[in-house]
Amino acid sequence: MTEQRVRWGVLATGGIAAAFTAALVDLPDAEVVAVASRTESSAKAFAERFGIERAYGDWDALAHDADVDIVYVATPHSAHRTAAGLCLEAGRNVLVEKAFTLTSREATELVALAGERDSFLMEAMWMYCNPLVRRLKSLVDDGAIGEVRTIQADFGLAGPFPPAHRLRDPAQGGGALLDLGVYPVSFAHLLLGEPADIKASAVLSPEGADLQTAALFSWDSGALAALHCSIVGGTGTSASVTGSLGRIDIPDGFFHPERFVLHRDGRDPEEFVLDPADGPRNTLRHEASEVMRALRAGETESPLVPLEGTLAVMRTLDAVRERIGVRYPQEG
């Protein structure tokens with residue numbers, strides 16, 4: 001890593017890999033130097049698209065590329081443990097897409113491995129790096145709405161997705177929970193931490209993937225969260241946080257909001273709007289910038305996306321799956 005630029009490797013060539021690479025290309029202090037896929041042809045096509053110097057037809061070659069400062073792992077969830085582990089073993093720093101892994105056991109293994117190698121590791125929870133989400137959390141932490149009483153959040157896609165689609169394949173971690181539900185769950189964790197009690201119900205596909213899941217979390221403080229995710233119905237992706245002294249509403253796109261409204265008892269509503277300088281609605285550059293800031297500072301994790309928080313979310317996702325009867329083939 002030079003003082004000016006961080007050199008990235010991208011592991012996988014799907015849609016999210018392309019979106020994140022496009023964000024990196026727009027950052028003056030980032031340089032994408034290598035990409036890897038399971039096939040050389042896919043890696044080369046991706047490299048040509050983004051002007052990347054080196055294209056590898058296997059993950060191991062990227063993991064051992066000494067010119068790579070950090071690897072962004074963008075495979076399906078089912079391969080996160082293997083891909084990220086390979087890179088950490090080789091001494092690379094790693095950013096892993098969410099959901100972080102299939103299970104909390106796999107997540108714990110990766111965190112332990114990063115600790116052994118003294119390497120940076122972070123879940124790609126871009127929501128936590130969003131300036132408006134950070135402002136919302138600051139307001140809540142500072143008591144703007146008093147004691148948090150309830151959280152509501154939803155994320156659903158209309159589909160339909162055929163049985164062969166990745167989102168319905170349990171072997172690839174398919175289902176609404178890990179792809180979409182991770183956002184409402186992480187949002188609740190951001191504001192209240194790990195819940196004390198978890199209840200959940202789901203509609204499962206014939207393959208055993210959750211088509212939609214509803215969860216109710218409770219905390220010892222008396223706070224509750226009602227969360228929903230779906231791959232059979234498009235939702236408003238809204239969120240609301242209600243406290244003893246007011247409420248914050250995110251009307252749409254709560255995981256990448258452009259605005260939210262603060263309602264406080266006895267006051268006019270206050271609207272908070274994303275600064276136009278922060279880029280388009282789908283920007284990932286705040287996440288990339290936080291990773292590079294941490295690397296330059298010599299940190300092995302980000303205070304915005306701490307590893308213990310990631311582990312807590314994975315434990316919660318495990319608990320939800322237990323209650324709705326979803327198991328992945330890899331679990332035996």
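## The parallel sheet

Strands β2 and β3 run parallel and are joined by three bridges. Strands here are DSSP runs (E, at least two residues), helices are runs of H or I with at least four residues, and both are numbered from the N terminus. Two strands count as paired if DSSP finds at least two bridges between them. V35 has A55 in β3 as its bridge partner.

This is a predicted model: local features need pLDDT of at least 70, side-chain atom pairs count only at pLDDT 80 or more, and totals for chains, interfaces and linings use all residues. Residues are numbered from 1 along each chain as its sequence is written, and side-chain values use heavy atoms, with hydrogens and water left out.

β2 and β3 belong to an open sheet of six strands, in the order β3-β2-β1-β4-β5-β6, with parallel pairing. At the edges stand β3 (54-56) and β6 (121-123); each has a single partner strand, so one side of each is left without a neighbour in the sheet. From one strand to the next, the twist averages 25°. Angles run from 0 to 180 degrees between N-to-C directions, and axes are lines fitted to C-alpha atoms, for helices over the stretch in contact.

Helix α1 lies across β1, β2, β4 and β5 and runs at about 165° to β1. Contact means heavy atoms within 4.5 Å. The buried residues of α1 (residues 15-25) are A17, A18, F20, T21, A23 and L24. Buried means under 20% relative accessible area, exposed over 50%, and partly exposed in between (1.4 Å probe, protein chains only).

An α-helix has 3.6 residues a turn, so residues three or four places apart point the same way. The buried residues of α1 pack against β1 (6-11), β2 (30-36), β4 (70-73) and β5 (93-96). They also pack against two helices, α2 (40-50) and α9 (285-296).

L121 is found in strand β6. L121 counts as buried because its relative accessibility is 0%. L121 and L216 are 95 residues apart in sequence and 30 Å apart in space, C-alpha to C-alpha.

## The mixed sheet

Eight strands make up an open sheet with mixed pairing, in the order β8-β9-β10-β7-β11-β12-β13-β14. Its edges are β8 (197-204) and β14 (270-273), each with a single partner strand, so one side of each is left without a neighbour in the sheet. Neighbouring strands are turned by 10° against each other on average, direction ignored.

Strand β12 (residues 246-250) runs antiparallel to β13 (residues 259-264), and four bridges join them. D249 stands opposite V261 in β13. β13 and β14 also pair in the antiparallel sense, over four bridges. R259 has V273 in β14 as its bridge partner. β13 and β14 form a hairpin with five residues between them, and G266 in the turn has a positive phi of about 80°.

Two helices lie across this sheet's strands. Helix α7 (residues 131-141) lies across β7 (148-156), β12, β13 and β14, at about 15° to β13. Helix α10 (residues 307-324) lies across β8 and β9 (210-218), at about 55° to β8.

## Cavities

The count comes to three cavities of 30 Å³ or more. A cavity is a set of points on a 1 Å grid over the protein atoms alone, where a 1.4 Å probe fits but cannot get out; lining residues have an atom within 4 Å of a point. Grid points are joined across faces, edges and corners, and a volume is the space filled by probe spheres set on the points.

The largest cavity has a volume of about 60 Å³. Its lining is L177, G181, P184, V185, T213, A215, L227, H228, C229 and V320. α8 (176-192), β9 and β10 (224-230) each give two or more residues to this lining. The largest share, four residues, comes from α8. By class, the lining has seven nonpolar, three polar and no charged residues. Ala, Val, Leu, Ile, Met, Phe, Trp, Tyr, Cys and Pro count as nonpolar, Asp, Glu, Lys and Arg as charged, and the others, Gly among them, as polar.

## Backbone exceptions

Most residues other than glycine have a negative phi, and most peptide bonds are trans. D118, in the loop between α5 and β6, has a positive phi near 55°. D118 counts as exposed because its relative accessibility is 60%. T237 has a positive phi of about 45° and lies in the loop between β10 and β11 (239-243). T237 counts as buried, at 13% relative accessibility.

A cis peptide bond joins K98 and A99, with omega about -5°. A99 is in the loop between β5 and α5 (104-117). The bond from G159 to P160 is cis, with omega near -5°. P160 lies in the loop between β7 and α8.

Notes:
1 Å grid on protein atoms, 1.4 Å probe; cavity = no way out; pocket = protein on both sides within 12 Å on 5 of 7 lines; lining within 4 Å.
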